[in-house]
Amino acid sequence: MRRLRRLVWKEFLELRQDPRLFVLVIIAPIIQLTMLGYAATTDVRDVPVVVADGDRSPASRELIARFDASRNFTVVDTVTSLNDVDAYLQRGTAWVALAIPTGYGAAIHSETPVSLQVVADGTDSNSTTVALGYATSLVNDYAQELVSRRAAATGVRVPGIDLRLRIWFNPQLESRYFMIPGVLALLLLLVTANLAAMGIVREKELGTLEQLNVTPLRRWELIVGKLLPYGVIALIDVLLVTAVAVFWFEVPLRGSFWLLFALSLVYVLCTLGLGLFISTISDTQQQAMMTATFFFLTPMIYLSGFIFPIENMPRVIQYATYLIPLRYFLVIVRGIFLKGLGLAWLWPQAAAMTAWGVIVLGLAVARSRKRTG
Amino acid sequence: MIGRKALAVYRKELRQIARDRRTLLILVFVPAFFLLLYGYALNWDIRHIALAVEDRDGTGDSRALVAAFVNSGYFDRVADVQSPADIDRLLNLNTARAALVIPENFGRDLVNGLRPQVQVIINGDNANTATTVMGYAASIVQSAGAALFEGQLREPPVSIEPRIWYNPELRSTLFLVPGLIAYILMITAVISTAISIVREKESGTIEQVRMAPIDTFSFMVGKSIPYFLISLTSAALIVFAAMLLFGLPMRGNWISLLVAVSLFIAGALGQGLLISTAAETQQVAFQAAMLSSFLPTLMLSGFIFPISSMPTALQLVTYVVPARYFLVALRGIVLKGVPIAVLAPQLAALTVYALAMLALASVRLARERG
């Protein structure tokens, strides 16, 4: 035990000797979280609209005012004909053009159905889909209002179905509530797997790993001693990130903090195991970084459901995602934060993650034994 | 004279890169592989939304409404449930993303013109998906209501006729692929050069270079040209792969594309060299490279998250993210076919970025070499 303590102490000393690294490990996650917290919003607000008003009547101005008053749209300019909107869409100064035909006001007045043309820049397909949805519901609501106004005047009931939408877990539809718990999972992976892999490969490069091998340290002591400091850093990161998420971004933590902490430990076991494994298949730090970034971290981030929903992916890739520990941890953090779930719901994810960690650590230890014999 | 010295450094660097086969392979082929993987895997096109149905009415009309949901192609009916507790369970487990609740007497009320109320419950954890699901549900319920009342409902007084330019099928792949190109280029270019000088520092060979009669300028040029060529090759591979596999159109001018890509790569290489002169160990260089290239390009460039939805302070920050300009230029050239004159501001910004990074890097390098 004393030998182990010495080794852990040595690792911490080494970390302290490189103050820049220390700063990167503690400060970087905070910066990243703040940036991600504000930037990672898929909400579409203030869509810039250019209006081609061919009517210029009180009725057309009422419609334009409705668009401008909605928080979803901002009217950037009004032109007279649809031919003038090209330049706006090409430059990207407007995403949507609304064309009000000549005679619109007269049609509304005489109760003749009239249709508006909406031209949208499809480049950003996601935002465009959302913006078109907003435009459709804005115009539908307006049409509904016109119908009920007329119905009230004539005393006729309007048939149809009323829809009541209820949004669970995140009623204001803040994309932040979805992204920020995910950032916790992402940062832990980025910090621990990389640092652990490079920390070990560096000793290999410098040749000091040989020296450690000839000391009376047992193999498990060596591995635990090398990994423990990174584990401690990771847990500090968990506390920091959770604090910022809850107190700064006001993401609701509906479940148990201790469960979150305990399962984060299991997850860190996985990421450190991954780091160790990468170190056994790399000879230089450059190789370790490249291997870690390209073959493990990037695929894991994109295919884990962090940003892109897994259910949208092709079937084959969906099966492949079962191999990614981040996938399970994302369900866990989001479940604990947003849904307030306990272990009764989350045990399958926790079990899968534990199994993954044990297997990877086992593989890494087996490989490192064979190599240094 | 400068040319010959730069050539010598270039040859040395190339030899060093060639010796490390794995790194070279990663730099050239992995980007194309990434594009393949992510191009297929990543999209926002929401289909097959898992729907739980609680039909308390059980008449022909209620079944017609359920059928309207399923036949829309957006919803998959995954479960029929009896009670709100079941819905709770299915949403907690993510087995269902939405639930449709049809009340008793739905059919009778509908016929009597009493406007029955159906409930759609949506898992809102992913706000983006939820918004889309909301839109689908609203339009299905509206048109189903109209269909069940054929003849009685009149055309609405105002309606919308959407037309979509540049990407009429709204395929998210066309939007994401240019972003992936920027992202992959940024990472490979910045990281590979960020490490190149630090590695010489760590192994001590920088001393030998310092002794050699090479001026800073030749050293930098020689050091970065191999990476420039590798990045350009890899960019070409990515673009062709995207055209072949994902039907990425090329509506603009090839020369403007080459100009935009070259400027972007030059800036990224400069940024990598700058990091390389500031960092002492590869670990630090790598973390700094990740922090300054990986995250801003992913988060603040408009690659995935629309810049106009960000808070104003953060929008200001995005003006220093080079990928922001590169993406506007890339999407403009490839998807919209806009003439180069329209993109002048973006290209100017990229030029400033490249010059600033290379100048800063050479100043620092000159100071370091004493």
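User: At what angle do α7(A) and helix α10 of chain A pack, and how far apart are their axes?

Analyst: Two packed helices are described by the angle between their axes and the distance between the axes. In this predicted model, α7(A) and α10(A), the latter spanning residues 257-280, pack at an angle of about 35°, with their axes 8 Å apart. The crossing of α7(A) past α10(A) is right-handed.

User: Which residues make the contact?

Analyst: From α7(A), the contributors include Leu188(A), Leu189(A), Ala193(A), Ala197(A) and Ile200(A). From α10(A), they include Tyr267(A), Val268(A), Leu272(A), Gly275(A) and Ile278(A). Classified by residue type, the contact of α7(A) with α10(A) has 13 nonpolar, five polar and no charged residues.

User: How are α3(B) and α8(B) oriented to each other?

Analyst: Helix α3 of chain B covers residues 30-41 and helix α8 of chain B covers residues 172-203; the two pack at an angle of about 150°, with their axes 10 Å apart. Angles over 145 degrees count as roughly antiparallel, and α3(B) and α8(B) are therefore roughly antiparallel to each other. Their crossing is right-handed.

User: Which residues form the contact between α3(B) and α8(B)?

Analyst: On α3(B) they are Pro31(B), Phe34(B), Leu35(B), Tyr38(B) and Gly39(B), and on α8(B) they are Thr173(B), Val177(B), Leu180(B), Ile184(B) and Thr188(B). By class, this contact has seven nonpolar, three polar and no charged residues.

User: How many residues does each chain bring to the contact between chain A and chain B?

Analyst: Chain A brings 92 residues and chain B brings 91 residues. On the side of chain A that touches chain B, the elements that each supply at least two residues include α2 (19-39), β4 (114-121), α6 (125-154), β5 (162-168) and α7 (175-206). The largest share of that side, 16 residues, comes from α6(A). The residues of this side of chain A divide into 50 nonpolar, 24 polar and 18 charged.

User: Do β5(A) and strand β4 of chain B run parallel or antiparallel, and how many bridges join them?

Analyst: β5(A) and β4(B), residues 117-123, run parallel and are joined by seven bridges. As one example, Ile167(A) has Ile122(B) in β4(B) as its bridge partner.

User: Which domains does the domain assignment of chain B give?

Analyst: The assignment gives domain 1 (49-165) and domain 2 (172-369) of chain B. Taken over C-alpha atoms, the centres of domain 1 and domain 2 of chain B are separated by 47 Å. Helix α8 of chain B, discussed above, spans residues 172-203.

Technical notes. Residues numbered from 1 in each chain as written. Chains lettered and ligands numbered in written order. Predicted model: local features only at pLDDT ≥ 70, side-chain atom pairs only at ≥ 80, totals over all residues. Axes fitted to C-alpha atoms, helices over the stretch in contact; angles between N-to-C directions. Helix = DSSP H or I, 4+ residues; strand = E, 2+ residues; numbered from the N terminus. Parallel < 35°, antiparallel > 145°, perpendicular 65-115°, else oblique. Left-handed = near helix turned anticlockwise from the far one by under 90°. Contact = placed C-beta atoms within 7 Å. Nonpolar A, V, L, I, M, F, W, Y, C, P; charged D, E, K, R; others polar. Domains from an automatic or database assignment. Pairing = 2+ DSSP bridges.
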